[in-house]
Amino acid sequence: MKSDSSTPAAPLRGLGAPLRSSEPVRVAPPPSAAVVLLEEAADLLVVHLDFPAALQTCERAWRSLAKDDAGTSLEVKCSLCVVGIQALAEMNRWQEVLSWVLQYYQVPEKLPPKVLELCVLLYSKMQEPGAVLEVVSAWLQDLDNQGLPEYRALAELHLHRVLLPLGCLSEAEELVVGSAAFSEEERLDLLQAISKARQQQKHQHSGTEEAQKLNREGSFSHKFLSLMMLLRRLWDSAVSRFFSMPFKKSLLAALILCLLVVRFDPASPSSLPFLYKLAQLFHRIQEAMFSLYRLPIHD
């Protein structure tokens with residue numbers, strides 16, 4: 001039996017109600033210029049590894065935001081900063097990161113937590129934590145930022161990566177004690193870390209003082225030894241020249257030496273015994289030298 005062709009086909013299961021011609025078709029709004037430039041910058045950074053072009057694209061996106069900032073989300077701005085920071089770091093221009101970010105956010109308190117975290121990690125890795133000290137401190141002291149969920153993690157990161165390496169132990173204690181973001185257990189752990197850092201600082205300070213003291217003593221000993229060696233050379237030279245002189249000249253030199261050192265008057269009667277003994281002494285020395293010269297030399 002054939003089916004009646006005039007009978008309408010049953011509607012397919014799973015389909016919804018038929019679309020009415022009077023209902024408008026919903027179309028997603030086109031992405032903003034900043035979003036398009038953000039995607040382009042990320043592609044240049046990750047795929048093409050064209051870091052200068054990625055940075056320039058981020059800057060173009062920020063300029064477009066200055067014209068039409070109403071419909072742009074905070075996530076887009078933060079993502080532009082992340083791409084720009086990565087591009088600067090890849091070009092070994094990491095020193096410019098903080099100033100580059102602040103030119104768009106104007107004040108440190110307005111920096112997104114993710115951007116601030118990247119700045120702390122970058123400058124800490126490059127052994128320059130002091131560059132972000134004031135910026136992070138200002139951000140943490142802002143009352144609006146203290147209510148953010150990222151506040152505790154940033155405060156702890158600031159303590160370990162900035163304050164402790166710089167030796168700012170008092171500031172670290174004030175941050176831990178004065179912040180309500182830490183639990184009691186976390187506060188105790190952080191205070192123990194600060195106490196350990198203070199002990200290490202004292203040990204390093206005492207070791208430095210001891211090393212400086214040893215260096216001073218070593219320098220003094222070296223100078224004293226050099227002086228003694230110089231005096232010994234002068235003495236040996238003087239003795240050798242003295243014994244190479246004739247007897248009368250040697251006696252005259254000894255007399256002049258006594259005049260300079262002992263400061264006695266040779267015309268005084270009390271000086272005669274001393275002069276007589278001095279003459280006898282040099283006469284004996286001369287005889288001994290002559291006897292040494294007359295000794296036979298054995299092969």
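Reply: Before the questions, one term is needed: buried means under 20% relative accessible area, exposed over 50%, and partly exposed in between, with a 1.4 Å probe and protein chains only. This is a predicted model, in which local features need pLDDT of at least 70, side-chain atom pairs count only at pLDDT 80 or more, and totals for chains, interfaces and linings use all residues. Residues are numbered from 1 along each chain as its sequence is written, and side-chain values use heavy atoms, with hydrogens and water left out.

Me: Is Leu122 buried or exposed?
Reply: Leu122 is found in helix 5. Its relative accessibility is 14%, and the limit for buried is under 20%. Leu122 therefore counts as buried.

Me: Which residues are in contact with Leu122, leaving aside its neighbours within four places in sequence?
Reply: Contact means heavy atoms within 4.5 Å. The C-alpha atoms of Leu122 and Ile85 are separated by 9.2 Å, and these two residues are 37 residues apart along the chain. With neighbours within four places in sequence left aside, the contacts of Leu122 are Ile85, Ala89, Trp94 and Val97.

Me: How many helices are there in the protein chain?
Reply: Helices (H or I, at least four residues) and strands (E, at least two) are DSSP runs, numbered from the N terminus. Read along the sequence, the pattern is α-α-α-α-α-α-α-α-α-α-α-α. The chain has zero strands, and the number of helices is 12.

Me: What percentage of the residues in the protein chain is buried?
Reply: The protein chain has 299 residues. Of these, the share made up by buried residues is 26%.

Me: How many residues has the largest nonpolar core?
Reply: A nonpolar core is a set of buried Ala, Val, Leu, Ile, Met, Phe, Trp, Tyr and Cys residues joined through side-chain atoms within 4.5 Å. Among the residues with the most contacts inside the largest one are Leu80 and Val132. Val132 touches Leu98, Cys119, Val120, Tyr123 and Val162, not counting residues up to four places away in sequence. The number of residues in this largest core is 57.

Me: What is the relative accessible area of Ala61?
Reply: Ala61 lies in helix 2. Leaving aside neighbours within four places in sequence, Ala61 is in contact with Ala34, Leu37 and Leu80. Ala61 is buried, and its relative accessible area is 0%.

Me: At roughly what angle do the axes of helix 6 and helix 8 cross?
Reply: Two packed helices are described by the angle between their axes and the distance between the axes. Axes are lines fitted to C-alpha atoms, for helices over the stretch in contact, and angles run from 0 to 180 degrees between N-to-C directions. The axes of helix 6 (residues 133–141) and helix 8 (residues 151–166) come within 11 Å, and they cross at roughly 150°.

Me: Which residues of helix 6 meet helix 8?
Reply: On the side of helix 8, the residues in the contact are Tyr151, Leu154, Ala155, His158, Val162, Leu163 and Leu166. Those of helix 6 are Leu133, Val136, Ser137, Trp139 and Leu140.

Me: Is His158 buried or exposed?
Reply: His158 lies in helix 8. Apart from neighbours within four places in sequence, His158 is in contact with Leu133, Val136, Ser137, Leu140, Leu163 and Leu175. With a relative accessibility of 3%, His158 counts as buried.

Me: Which backbone nitrogen does the side chain of Ser179 reach?
Reply: Ser179 is placed in the loop between helix 9 (169–178) and helix 10 (184–244). Ser179 is buried, with a relative accessible area of 6%, and touches Tyr151, Glu174 and Arg187, not counting residues up to four places away in sequence. At 3.2 Å, the side chain of Ser179 reaches the backbone nitrogen of Ala181.

Me: What is the phi of Leu49, approximately?
Reply: Leu49 lies in the loop between helix 1 (33–46) and helix 2 (51–67). At 54% relative accessibility, Leu49 counts as exposed. Leu49 is not a glycine, yet its phi is positive, at about 55°.

Me: Where is Gln106 found?
Reply: Phi of Gln106 is a positive value near 70°, in a residue other than glycine. Gln106 counts as exposed, at 61% relative accessibility. Gln106 is found in the loop between helix 4 (97–105) and helix 5 (113–125).

Methods. Polar contact = N/O pair within 3.5 Å; in protein donor to acceptor, adjacent residues only side chain to side chain.
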